[in-house]
Amino acid sequence: MAITLKKLKDQVIVITGASSGIGLVTARMAAAKGAKVVLAARNEEAIIQLAAELRGKGYPATWVTADVGKEEDVKRVAETAIRTFGRFDTWVNNAGVSIFGKSTEVSIDDMKRMFDTVYWGVVYGSRVAVQHFTERGVPGALINVGSVFGDRGVVLQSTYSSAKYAVHGWTENLRMELEKDKAPVSVTLVHPGRIDTPYNEHAHSYLDKQPAHRGMIYPPESVARAILYAAEHPKRDMFVGSQARLGAMFGNAAPRLTDVLFESLMFRGQQSKDRPSIPQEKSALYNPGYGLHERGSQEGHIRKGSLYVEASRHPIITTLALAGLATLAFAVAKNKCDHHSETTVRLPLETIDHDAPQ
């Protein structure tokens with residue numbers, strides 16, 4: 001069943017984890033494009049301030065203090081959206097927190113707590129959104145934010161990676177069931193690469209050195225653009241950064257080689273060179289992290305955007321551009337071939353043996 005989604009300016013969008021990072025950027029961007037936003041996060045002070053900021057610019061916004069790891073809180077988010085705006089059209093499951101530490105060192109209690117947020121929060125949000133869209137009979141978008149580490153395991157973030165694997169599996173199964181039932185729901189899984197947010201500062205760390213992104217890093221605006229594109233256009237997957245797409249492909253095509261590379265590179269590639277790790281009691285695993293920060297303190301190269309996202313957002317232009325490049329490549333190859341044939345046929349006269357039998 002073809003699903004047609006509303007334009008952003010006509011939408012009510014629920015965003016979990018709206019107090020910082022990807023959620024904060026997405027909320028500001030969605031509001032600027034005319035959407036009514038419902039802000040959900042544990043940090044009450046931050047989302048109240050964000051709602052006031054958006055309202056001060058003339059953008060409709062409301063807020064809900066919620067821990068997505070609690071089903072009753074997630075239901076309260078939906079109730080607030082319906083009570084304030086009469087409905088919601090897009091639900092973004094974005095809230096998350098990570099744990100850095102070896103698999104055998106992270107406590108089981110910490111693992112369970114993180115799964116409450118990263119996995120169960122997505123399950124609760126998905127079920128609430130699907131129920132709302134199917135009861136209304138009006139198409140809506142469910143957008144689950146996954147991770148490059150939900151496509152490929154990584155050292156030192158075994159709990160986070162496992163939870164994101166579960167999110168990816170949940171999303172794929174739910175999508176198929178909804179398609180079979182012809183439900184009016186577009187289900188999109190977003191696959192971000194390494195993004196410049198306070199993700200590492202909020203993480204619960206067992207390491208001596210501070211978790212940090214090193215290497216190529218993408219801005220949170222790229223993820224927000226992917227999310228908001230999916231809010232208007234039904235998309236199965238949105239990859240943010242070529243590293244996210246290639247990581248999944250390379251991990252599947254050459255798993256043993258990927259293991260060796262990650263073992264060699266990712267222990268140091270996920271830690272600061274010299275900063276000590278933030279104490280566990282200051283992490284956002286059990287308590288709200290600090291809010292209203294879009295960016296983090298990384299030690300890698302931060303790109304201005306993601307060409308992969310832009311290609312996904314403009315498929316026709318991308319197809320034409322690729323076709324143009326293919327045509328140009330063919331023309332160049334043909335020209336070289338013709339030139340080679342011409343030089344081969346037009347032999348110098350002195351190389352022809354005129355006395356040879358005819």
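**Note on cavities, pockets and helix contacts**

1. The largest cavity has 40 lining residues, and those nearest its centre are Asn 94, Ala 95, Gly 96, Val 97 and Tyr 199. The model is predicted: local features need pLDDT of at least 70, side-chain atom pairs count only at pLDDT 80 or more, and totals for chains, interfaces and linings use all residues. Residues are numbered from 1 along each chain as its sequence is written, and side-chain values use heavy atoms, with hydrogens and water left out.

2. On terms: with a 1 Å grid over the protein atoms alone, a cavity is a set of points where a 1.4 Å probe fits but cannot get out, whereas a pocket is an open set with protein on both sides within 12 Å along at least five of seven lines; a lining residue has an atom within 4 Å of a point. Points are joined across faces, edges and corners, and a volume is the space filled by probe spheres set on them.

3. The largest cavity holds about 700 Å³ of space. Helix H1 (21-32), strand S2 (36-41), H5 and helix H6 (199-202) each give two or more residues to its lining; helices (H or I, at least four residues) and strands (E, at least two) are DSSP runs numbered from the N terminus. H1 provides the largest share, three residues. The lining of the largest cavity comprises 18 nonpolar, 18 polar and four charged residues, where Ala, Val, Leu, Ile, Met, Phe, Trp, Tyr, Cys and Pro count as nonpolar, Asp, Glu, Lys and Arg as charged, and the others, Gly among them, as polar.

4. Searching the whole structure gives two cavities of 30 Å³ or more. The second largest cavity has a volume of about 30 Å³. Its lining consists of Thr 16, Val 68, Asn 93, Asn 94, Ala 95, Thr 117, Gly 121 and Val 122. Helix H4 (residues 108-136) contributes the largest share, three residues. By class, this lining has three nonpolar, five polar and no charged residues.

5. The largest pocket contains about 450 Å³ of space. Of its 16 lining residues, Arg 194, Gln 243, Phe 262, Leu 265 and Met 266 lie nearest the centre. Helix H8 (242-253) and helix H9 (255-265) each supply at least two residues of the lining. Eight lining residues are nonpolar, four polar and four charged.

6. H8 and H9 also pack against each other, at an angle of about 120° and with axes 5 Å apart. Axes are lines fitted to C-alpha atoms, for helices over the stretch in contact, and angles run from 0 to 180 degrees between N-to-C directions. The two helices, H8 and H9, are therefore oblique to each other (under 35 degrees is roughly parallel, over 145 roughly antiparallel, 65 to 115 roughly perpendicular, and the rest oblique). Phe 250, Gly 251, Asn 252 and Ala 253 of H8 make the contact with Pro 255, Leu 257, Thr 258 and Leu 261 of H9; contact means heavy atoms within 4.5 Å. This contact has five nonpolar, three polar and no charged residues.

7. For helix H3 (residues 71-85) and H4, the axes come within 9 Å and cross at roughly 35°. From H3, Glu 71, Val 74, Lys 75, Ala 78 and Ile 82 meet Tyr 124, Gly 125, Val 128 and His 132 in H4. By class, the contact of H3 with H4 has five nonpolar, two polar and two charged residues.
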